[in-house]
Amino acid sequence: TGPFHACHALLPGQDRYDDCVFDMCQFENDESQLCAAYEAYENECRNIGVVPVNWRSDSFCPKTCMANAHYEYCANSLQPNCDDPDLPTTDQSGKCEYDACMCDTGFVLSGSDCVPQSNCGCLDSDGNYHAKGDTWGDCSMKHECTGPSQITDTPKTPCHANAHCGAKDGEPSCVCNKGYGGDGHNCVPMKCTEGGNEYDIGDVWGSCTRECECSATGTNDCVDNPACGQNAHCETLSNGRHYCTCDDMYLGDGHTCTIQQCTTESGQKIDWMTETDTCTENCECRAGGEVTCTPKEVCGENAHCDSATGHACECDEGFDGDGYTCTLEGNSASGLSGGSAAAKDLNA
């Protein structure tokens, strides 16, 4: 017998009830959660063609509307507005598909507000709606909506020959061109001077440690900056701005620069564009952190890798050879290996 009774047969409410109880416990009986649950179920019912009984009241989940408006449970899909002020506020189809805040009698929708019809706005030449009192335009003309479909045009003082139409405080405004100063209606050549040099308005000069700009009033706006760091240098952009950047093979912000490195599979660090040599491989660090390693031939029997001589294979003491084939000293001519010579001595 509740407001959703007609909907229960098509949309059983137990799961939604359980969710609602959970939310109310989770949010410590926050009534907005209960209202949201009711509204969600109401929308589901409306979507399948079942309209619940109006469950809102002044004391339970009241609908807050803008000024000069009221809540309609069965509202018309279109609001009475300045273009069509005679639309009804209530649903005329009998389907009651929408609920909404509707303007009170004697008021129509203007933008997002309900206003007397006498306060309706205007449509500009591009079809954009403007409320009464709104202004728009450019540097040559100001348009103002003074009443329903009433637009007043006021010419503005033209921009100076050395100015262009820009913006000031969000409004169209004449702005002097680069090299000129003034209010946009009267622009005169402006210069800055420093060290015997002249600069136009907007020019930038200096270095990474001291950068200056010629302001619109012809004054030098200068900023002192920290020097570039070690392994860094100063560069100049096309607009005259300066910045610190790390040298080749270094990464950082231009004030702290560290050399780029690669890491081998064994965890060895290699500086960018350098090679490293071990007893088992030769590795090269390429641009972008790519490391390329080439395995080396394993030292032979009775030989070892000597890091003091560039990680080369050398025969052990008492053996002769190239580090890959080693024989007992004095037996190299016979071609017998150390093991074969020892066997020969035992059989003698």
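Is S173 buried or exposed? The views below come from a predicted model, and the first one takes up this residue.

View 1. S173 lies in strand β11, which spans residues 171-176. Its relative accessibility is 18%. Buried means under 20%, so S173 counts as buried. Leaving aside residues up to four places away in sequence, S173 touches C139, H164, C165, G166, A167 and K168.

**View 2. The largest nonpolar core.** This core has 12 residues in all. Its members are F4, C7, L11, C35, Y41, C45, V50, W55, C61, Y71, Y73 and C96. Helix α3 (residues 31-47) gives the largest share of this core, 3 residues.

**View 3. C7 and its contacts.** C7 belongs to the largest nonpolar core. Residues up to four places away in sequence are again not counted. C7 then touches Y41, C45, I48 and V50.

**View 4. A second core.** This core is separate and has 7 residues. Among them are C192, I201, C212 and C214.

**View 5. An open sheet of 3 strands.** The strand order is β16-β17-β18, and the pairing is antiparallel. Which strands stand at the edges? They are β16 (204-206) and β18 (220-224). Each has a single partner strand, so one side of each is left without a neighbour in the sheet. From one strand to the next, the twist averages 25 degrees.

**View 6. The pairing of β16 with β17.** Strand β17 covers residues 210-214. β16 and β17 pair in the antiparallel sense over 3 bridges. V204 has E213 in β17 as its bridge partner.

Note on methods:
Residues numbered from 1 in each chain as written. Predicted model: local features only at pLDDT ≥ 70, side-chain atom pairs only at ≥ 80, totals over all residues. Heavy atoms only, no water. Helix = DSSP H or I, 4+ residues; strand = E, 2+ residues; numbered from the N terminus. Buried < 20%, exposed > 50% of the residue type's maximum accessible area, 1.4 Å probe, protein only. Contact = heavy atoms within 4.5 Å. Core = buried A, V, L, I, M, F, W, Y, C linked by side-chain atoms within 4.5 Å. Pairing = 2+ DSSP bridges. Axes fitted to C-alpha atoms, helices over the stretch in contact; angles between N-to-C directions.
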